[in-house]
Amino acid sequence: MTAVRTRRAERPSKTAVGTVGWLRARWRRAAARPDEGAATAELTVGMPLLLFMIMMIFQAGVWMHATHVAQAAASRAANTAAAYQSSAGAGQGAGSDALTAIGSGVLRNPSVSVTRTATEVRVEVRGRAATVVPGMSWGVRAVVVRPVERWVTDPGAGAS
């Protein structure tokens, strides 16, 4: 009958090798695989940066959408205020109604200001984009200037 030698029997025990020999053997094992555990460190550093970048992309998308909402409300307010025999108050109401209808979720604290002169209407819509990244708040501003519709007589029409 032959004796089967196990792997454990081939290796001398830690106490037989001594502390110095054990450290030398451990160093050889570590030197053979120098990047062991590097993936964990890279993941620990890289993952929060990746998540932050993704959240910033979403924040930029929300800001662009809020800008489009403000632009649409400003256009509607300017069109209403620039109409023939209209007023700045009518434009302000139309802008506020547009913001209520389309911008309640993405545009925070909106304000509409309408200025109407004899020749032009200027509408400014301001607000803050909804926050995706905590602690970050981006401002939104849309300005629309339109000429006022008015009745102008042709000076050459009455001279015939």
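Of the 160 residues of the protein, 22% count as buried (under 20% relative accessible area; exposed is over 50%, partly exposed lies in between; 1.4 Å probe, protein chains only). This is a predicted model, in which local features need pLDDT of at least 70 and side-chain atom pairs count only at pLDDT 80 or more, while totals for chains, interfaces and linings use all residues. Residues are numbered from 1 along each chain as its sequence is written, and side-chain values use heavy atoms, with hydrogens and water left out.

**Whole chain.** Start with a cartoon view. The protein has 4 helices and 3 strands, and along the sequence they run α-α-α-α-β-β-β. Both are DSSP runs numbered from the N terminus: helices are H or I with at least four residues, strands are E with at least two. Among contacts with a separation of 6 or more, 56% are between residues 24 or more positions apart; contact means heavy atoms within 4.5 Å.

**Select 45-66.** An unreviewed UniProt entry annotates these residues as "transmembrane region". UniProt positions are given in the numbering used here, feature names are shortened, and annotations may be inferred rather than shown by experiment. The span is 100% helix and 0% strand, and its end C-alpha atoms lie 32 Å apart.

Leu 43, Met 47, Leu 50, Leu 51, Ile 54, Met 55, Phe 58 and Val 132 form a nonpolar surface patch. Together they have about 700 Å² of accessible area. Patch members have over 30% relative accessible area and no salt bridge; nonpolar side chains (Val, Leu, Ile, Met, Phe, Trp, Tyr) are joined within 5 Å, like charges within 9 Å. Zoom in on Val 132. Val 132 sits in the loop between β2 and β3. Its relative accessible area is 34%, so Val 132 is partly exposed.

Ser 86 is in the loop between α3 (38-82) and α4 (88-102). Is Ser 86 buried or exposed? Ser 86 counts as buried, because its relative accessibility is 19%. Show its contacts, leaving aside neighbours within four places in sequence. Thr 80, Ala 81 and Arg 116 then touch Ser 86.

Side chains of opposite charge can pair when their charged atoms come close. The whole structure holds 3 salt bridges (a side-chain nitrogen of Lys or Arg within 4 Å of a carboxyl oxygen of Asp or Glu). Centre on Glu 124, which is buried at 11% relative accessibility. Its partners, with N to O distances:

- Arg 122 pairs with Glu 124 at 3.4 Å; Arg 122 is partly exposed at 32%.
- Arg 126 pairs with Glu 124 at 2.8 Å; Arg 126 is partly exposed at 44% relative accessibility.
- Arg 141 pairs with Glu 124 at 2.7 Å. Glu 124 lies in strand β2 (residues 120-129) and Arg 141 in strand β3 (residues 139-147), so this pair ties together parts 17 residues apart in sequence. Arg 141 is partly exposed at 46%.

Shared partners join Arg 122, Glu 124, Arg 126 and Arg 141 into one salt-bridge network.

Notes
Accessible areas come from the Shrake-Rupley method with a 1.4 Å probe; for residues, only the protein chains shown count as cover.
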